[in-house]
Amino acid sequence: MTRGVHDVGGLPDDQVDLSEHNYAPWEKRIDALLVLLAGKKQIMRVDELRRGIESLDIDAYNELSYYERWIASISKILVEKKLITSTELEDRMAKIATRKTLL
Amino acid sequence: MPHDHPHGPTIDAKRLAHYQCMAVAVQELLTEKGILTDKQIEATIKEMEARGPALGARMVARAWIDSNYKRRLLLDGSAAAEELGIPVDGTRLIVVENNETMHNLIVCTLCSCYPRNILGLPPDWYKKTAYRSRAVKEPRAILAEFGTFLPDSVTVRVHDSTADMRYLVLPTRPSGTEGWTEQRLIELVSRDSMIGVRTAKQAES
């Protein structure tokens, strides 16, 4: 069995980069989205979030930042569950991209 | 010489904008469908911001001064957290104790499972592959990168977390703190000492 892209335990890797950043508002919003959907709303499980992340192709997995992976997975799972469609997601993203501010 | 792109945002900025738009779009669509409200998102963000290492430090300092609490903490971390009014929302919390012969280190090799109810959101390095890959293979080298050097007589034990089972390290109480109040002891308990990459801060003489 080949290792999943996320299954890194024991592999050689670089020195630990000890720098830290304060979470940005957009990152907190994605975190809260998952906490709500997996908690109170019981709409998706953390395991499903992980499946969505772990099924990203290796380039996407390595290139995307942590919460970028999360929202990529969350939207994929929501489409799978037919709570949103990929067309309405794309249309809304296109609209949002033309706004001066995001919210 | 790399080609310069003076016009337009960089690839990174474009990518970030793409996923930020996605996040806003998902939130708006779910709100319009009545699945959640903006208020609930804001409230959840606030709840999360209220979580942080200060909560874990209270548990550790209490265990240092109260051996009965320590026994309960090591037996059932979730119950011991709830006892101090810290909700753990159903996750199983396992507390592992450091002493003169044993040092514990926490990692999540597969993703980023972390006792977030007790310590807040994890630091960046905890989520990146360098730490996740190497912690289980060469924990002493990892510890050295944090400036933590343990004698060979100390066994290092590494715990790999899962979504349903989170670990918290009970660091060794620093010497010279006999008779200290709980409040004073709390100051010595850093986030990193509860992950196990460092020891508790030493008492200043």
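In the model, 40 residues of chain B are in contact with 48 residues of chain A, two residues being in contact if their C-beta atoms, placed from the backbone, lie within 7 Å. The structure is a predicted model, in which local features need pLDDT of at least 70 and side-chain atom pairs count only at pLDDT 80 or more, whereas totals for chains, interfaces and linings use all residues. Residues are numbered from 1 along each chain as its sequence is written, and chains are lettered from A in the order in which they are written.

The side of chain B that touches chain A receives two or more residues from each of helix 1 (11-32), helix 2 (38-49), helix 7 (124-127), helix 8 (129-134) and helix 9 of chain B, where helices (H or I, at least four residues) and strands (E, at least two) are DSSP runs numbered from the N terminus. Helix 1 of chain B gives the most to this side, with 11 residues. By class, the residues of this side of chain B comprise 23 nonpolar, 7 polar and 10 charged; Ala, Val, Leu, Ile, Met, Phe, Trp, Tyr, Cys and Pro count as nonpolar, Asp, Glu, Lys and Arg as charged, and the others, Gly among them, as polar.

Within chain A, helix 1 (residues 25-38) has 14 residues and reaches 20 Å from its first C-alpha to its last, close to the 20 Å expected at 1.5 Å a residue. Because 10 of these 14 residues are buried, helix 1 of chain A is largely enclosed by the rest of the structure; a residue is buried if 20 or more other C-beta atoms lie within 10 Å of its own. Among the buried residues are A:Ile30, A:Ala32 and A:Leu33, together with the charged A:Glu27 and A:Lys28.

Helix 2 (residues 46-54) and helix 4 (residues 66-80) of chain A pack at an angle of about 110°, with their axes 8 Å apart. That angle makes helix 2 of chain A roughly perpendicular to helix 4 of chain A, a description used for angles of 65 to 115 degrees.

The largest nonpolar core has 37 residues, and B:Val60, B:Leu168, B:Val189 and B:Met194 have the most contacts inside it; such a core is a set of buried Ala, Val, Leu, Ile, Met, Phe, Trp, Tyr and Cys residues joined through C-beta atoms within 7 Å. Its largest share, 6 residues, comes from helix 3 of chain B. Apart from this core lies another, of 25 residues, among them A:Ala32, A:Leu33, B:Tyr19 and B:Val24.

Terms used. The expected span of a helix is 1.5 Å times one less than its number of residues. A residue is buried if 20 or more other C-beta atoms lie within 10 Å of its own, exposed if 12 or fewer, and partly exposed in between; C-beta atoms are placed from the backbone. Axes are lines fitted to C-alpha atoms, for helices over the stretch in contact, and angles run from 0 to 180 degrees between N-to-C directions. Angles under 35 degrees count as roughly parallel, over 145 as roughly antiparallel, 65 to 115 as roughly perpendicular and the rest as oblique.
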